[in-house]
Amino acid sequence: MTPDYAAPTIPPGAGPLYRRLLHLCALAVAISVFPLIWMGGLVTTYGAGLSVPDWPNSYGYNMFLFPPSQWLGGIFYEHTHRLLGTLSGFLSITLALMAWGPARTPLRRQFIGLFAIAMWATFILTIGANLLLNRVGQQRTLHLSNVDVLFASLAMIGTIARFCIARDDRRWVRWLTIVQLLVVIIQGLLGGLRVTELSIELAMVHACFAQLFFSLAAFTALTLSTWWRNAADQSQVREASSGRWAGRIAIACFGIIFCQLIAGALMRHNLAGLAIPDLPLAFGKLLPPTNEAGLEAANQMRIESYHIGPTTLTRVWLHFAHRCGAVLVTMGILTYGVFVLMKVRQSRAVVVTAAILLTLVTVQITLGVLTVYWQKPADIASGHVAVGALTLMASGVAIAVTARLYAHRKPMSTSAAAAVEGYPKAHLATA
């Protein structure tokens, strides 16, 4: 068996150095996206997407100052979703700062420190002015404008940047954090425009884009891990060809899963989640109705047997397409799992990703079946959405793991190779 984890003996310049805080920040970004997607599923399931009709404010309040006493009904799900999105965005800003290390020199630290102090001072002065005006006007509520919150945000960003004195030594990883930041900004804008433009199409794009952001965040966290840094080069071992084929199958799984998530978004946002109320058949037949006569019989069955209202042919076939996609996803992941166990079982990392994918698809199928049988309870339906995102993310990680292990790497420079032997591990400590 060929080990896929080498001893951490990489000298300066020979490879990336592990930085624990940077890795933890990347993990925090990825972890923050999962409840965000779950809450987004609840927003859609409860039809709460326009419970807060304005953006970026919330009923005229700055989003961060919206009184909790007014978080009632659908407002709670929509407003919490916005706050979670802001958290993911702020963590992404922090990650980019930590990766780039803007305060690497004394002069930069001094400049950034002065900028942070200026922003804090400006924010405190505006708070004081507001308190004085409230006292004169005998008002008890403190109202802050979006400009005030902007000063506070810049002050926090400047404070964090002041302590980012080291950067990741891989340029592509640094730019990866910038791409991740841009993606989360675009995702926030899509969510806001969905509200202001009253667009169902933007809501679906917003939902699918979130899945991609989750996968990107997980990949970024993986590249900053000790496993990625110490993964042994297996591009020349006997199983390398099979490992690369496993990566190709994982890519196909990622594409199929993403198409399935698009079909799911179309189904949910067109209110087709229960268009076919029985399972595994469709209105007692292998295929759903294809004409108005068949639809009339199906709607009669919906009313008499399931006590739900009539539907349309479009919704029925959207729902059926999602079911067909589930079959394709299952077949793809099973193919990946069987191939890995037969051809690449020597690599523990690849086997673990296959096991995770097989577990997730099992949970996903179970949640999908329960969603139909129990007539779409909100928590089960939202869990189905969230586990779908996890499955896409896991397939992306599977691609990255196989690429890291089996893709051909550039040979190490002569000076770096000479320094490898006996290199002290102290240099690999947390930066």
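1. Aromatic cluster. In this predicted model, ring pairs join Trp-172, Phe-219, Trp-227 and Trp-228 into a cluster. The count of aromatic pairs comes to 13.

2. Trp-100 and Trp-175. These two rings make an edge-to-face pair, with 5.1 Å from centre to centre and 85° between the planes. Trp-100 belongs to helix H2 and Trp-175 to helix H5, so the pair ties together parts 75 residues apart in sequence. Trp-100 is partly exposed, at 22% relative accessibility. Trp-175 is also partly exposed, at 47%.

3. Trp-120 and Phe-123. The ring centres of Trp-120 and Phe-123 are 6.5 Å apart and the planes stand at 70°, so this pair is edge-to-face. Both residues are in helix H3 (residues 106-136); they are 3 residues apart, which means a separation of about one helical turn. Phe-123 is buried because its relative accessible area, 17%, falls under the 20% cut-off. Trp-120 is partly exposed at 33%.

4. Charges over rings. The Trp-100 ring of point 2 has a further neighbour: the charged end of Arg-174 sits over it, 5.1 Å from the ring centre. The charged end of Arg-248 is placed over the ring of Trp-245, at 4.6 Å from the centre.

5. Helices H8 and H10. The axes of H8 (residues 240-269) and H10 (residues 313-343) come within 9 Å and cross at roughly 165°. That angle is over 145 degrees, so H8 is roughly antiparallel to H10. The crossing is left-handed. In the contact of the two helices there are 19 nonpolar, 8 polar and 1 charged residues.

6. Cis peptide bonds. The bond from Trp-55 to Pro-56 is cis, with omega near 5°. Pro-56 is in the loop between helix H1 (20-45) and helix H2 (74-100). Leu-279 and Pro-280 are likewise joined by a cis peptide bond, with omega about 10°. Pro-280 lies in the loop between H8 and helix H9 (292-306).

7. Positive phi. Leu-198, a residue other than glycine, has a positive phi near 55°. Its place is the loop between helix H5 (171-196) and helix H6 (200-223). Leu-198 counts as exposed because its relative accessibility is 59%, over the 50% limit. His-307 has a positive phi near 55° as well, and is found in the loop between H9 and H10. His-307 is exposed, at 68% relative accessible area.

Technical notes
Residues are numbered from 1 along each chain as its sequence is written. This is a predicted model: local features need pLDDT of at least 70, side-chain atom pairs count only at pLDDT 80 or more; totals for chains, interfaces and linings use all residues. Side-chain values use heavy atoms; hydrogens and water are left out. Axes are lines fitted to C-alpha atoms, for helices over the stretch in contact, and angles run from 0 to 180 degrees between N-to-C directions. Helices (H or I, at least four residues) and strands (E, at least two) are DSSP runs, numbered from the N terminus. Angles under 35 degrees count as roughly parallel, over 145 as roughly antiparallel, 65 to 115 as roughly perpendicular and the rest as oblique. A crossing is left-handed if the near helix is turned anticlockwise from the far one by less than a right angle, and right-handed if clockwise. Ala, Val, Leu, Ile, Met, Phe, Trp, Tyr, Cys and Pro count as nonpolar, Asp, Glu, Lys and Arg as charged, and the others, Gly among them, as polar. Buried means under 20% relative accessible area, exposed over 50%, partly exposed in between (1.4 Å probe, protein chains only). Rings of Phe, Tyr and Trp (its six-membered ring) pair if their centres lie within 6.5 Å; planes under 30 degrees apart count as stacked, over 60 as edge-to-face and the rest as tilted. A charge sits over a ring if NZ of Lys or CZ of Arg is within 6 Å of the ring centre and within 35 degrees of the ring normal.
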